[in-house]
Amino acid sequence: MLKKSVVEHIQINKLMATATDTTIAQKLEALMKLQGIDSSLDNILKGRGDLPEEVRDLEDEIAGLETRLAKFQGEVENFNIQINNYRNAKKDSEKLIVKYKEQQMNVRNNREFDAVSKEIELQGLEMEIADKRIKEIEFKILNKNDEIGGVESNLFERNKDLEIKKKELEVIIAESEEDEQKLLKDREKALKSADERLLKSYTKLRDNARNGLAVVMVSRGACGGCFSSVPPQRQTDIKDKKKIIVCEHCGRILAGVNDPLPGEVKEKKTRATKVSAAAAAATAASAE
Ligand SMILES: [Zn+2]
């Protein structure tokens, strides 16, 4: 008796829903359509696999290598400037030595001679140090050039890889381009008929959902997005489509309820009786 009245109640609600709340139903329908299009687009992108990401990664890697190459080349330039400075310093010392040697010819006493000799010795030492530094820097340049060679060959290989991957990606994109363009056009249309506020939450939900689902159906008594169970009363409200109802667990918009197959209803009932039988047994046991 009770069950029959519940069913009647639902049917009345359904009638009322179609009569007065068509707008909510339409909004949900429009959103489901958009979801269908977006899921198809997601599938196209999925079909491209990791290629787009691989291309991006390669481009990043190449940019990194180019930066490193420029840095190394700058270092070599700097080394060459240093070598040039030491060479100029050596020339200065040479000139000074020539000057001091002339002075040595015209000294008035031994003390003056010794002082000028010391200056000559000092400049000679400066030249030796400069030679040593130049050798050290030349060695650094040699090592740096090795590193530059390594980076350059790496860069060459990566660029070759990038070219191959880009071509592969172009082929794959070309395969699905027609479908994608059509879907994108459909999407534009679907966006126009979508409710603005709902669209905002739809976009937000899709951004946060790993499977890209923002609007789902309730199937087998569970949310089609997160598979948490949806209480029967809530399912009835969803079917009524009098207001927008979201999943209590994941927040996805629940657009409708897929009616369970007759077998599934029976299965649930038997489980429920089993549970209550077990509960009864437990109470009886504790009473003893
Ligand atoms: Zn959910």
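Helices here are DSSP runs of H or I with at least four residues, strands are runs of E with at least two, and both are numbered from the N terminus. Welcome to the tour. You are looking at a predicted model, in which local features need pLDDT of at least 70 and side-chain atom pairs count only at pLDDT 80 or more, while totals for chains, interfaces and linings use all residues. Residues are numbered from 1 along each chain as its sequence is written, and side-chain values use heavy atoms, with hydrogens and water left out.

**Stop 1: the second largest pocket**

Start by selecting helix 2, which gives the most to the lining of the second largest pocket, with five residues. A pocket, on a 1 Å grid over the protein atoms alone, is an open set of points with protein on both sides within 12 Å along at least five of seven lines, and lining residues have an atom within 4 Å of a point. Grid points are joined across faces, edges and corners, and a volume is the space filled by probe spheres set on the points. The space in this second largest pocket comes to about 230 Å³. To find its centre, select Asp42, Arg206, Arg210, Asn211 and Gly212, the closest to it of the 14 lining residues. Helix 2 (22-47) and helix 5 (196-208) are the elements that give two or more residues to this lining.

**Stop 2: Arg48**

Next, select Arg48, in the loop between helix 2 and helix 3 (51-105). Is Arg48 buried or exposed? Arg48 is buried, with a relative accessible area of 8%; buried means under 20%, exposed over 50%, and partly exposed in between, using a 1.4 Å probe and protein chains only. Now show what surrounds it: neighbours within four places in sequence aside, Arg48 is in contact (heavy atoms within 4.5 Å) with Ile172, Ile173, Ser176 and Glu180.

**Stop 3: the zinc ion**

Move on to the zinc ion and display Cys223, Cys226, Cys247 and Cys250, whose SG atoms coordinate the zinc ion at 2.2 to 2.3 Å. Donors are N, O and S atoms within 2.8 Å of the metal (3.2 Å for Na, K and Ca), and since water is not among the atoms, sites may look incomplete. Along the sequence, the spacing of these donor residues reads C-x2-C-x20-C-x2-C. Cys223 belongs to strand 2 (residues 222-223) and Cys250 to the loop between strand 3 (245-246) and strand 4 (253-257), so this pair ties together parts that are 27 residues apart in sequence. Cys223 is buried at 0% relative accessible area, whereas Cys250 is partly exposed at 26%.

Why is the arrangement around the zinc ion called tetrahedral? The four donor atoms subtend angles of 105 to 111°, which makes it so; the rule for four donors is that all angles lie between 85 and 135 degrees.

**Stop 4: the largest cavity**

A cavity is a set of grid points where a 1.4 Å probe fits but cannot get out. About 30 Å³ of space lies in this one.

**Stop 5: helix 6 and some positive phi values**

Select helix 6 (residues 232-240), where Gln235, Thr236, Ile238 and Asp240 are buried. Just after helix 6, Lys241 has a positive phi of about 55°. Most residues other than glycine have a negative phi.

Finish with Phe227, in the loop between strand 2 and helix 6. Its phi is also positive, near 65°, and Phe227 is exposed at 66% relative accessibility.

Conventions. Four donors count as tetrahedral if all angles lie between 85 and 135 degrees; four count as square planar and six as octahedral if opposite donors are over 155 degrees apart and all others between 65 and 115; anything else is irregular.
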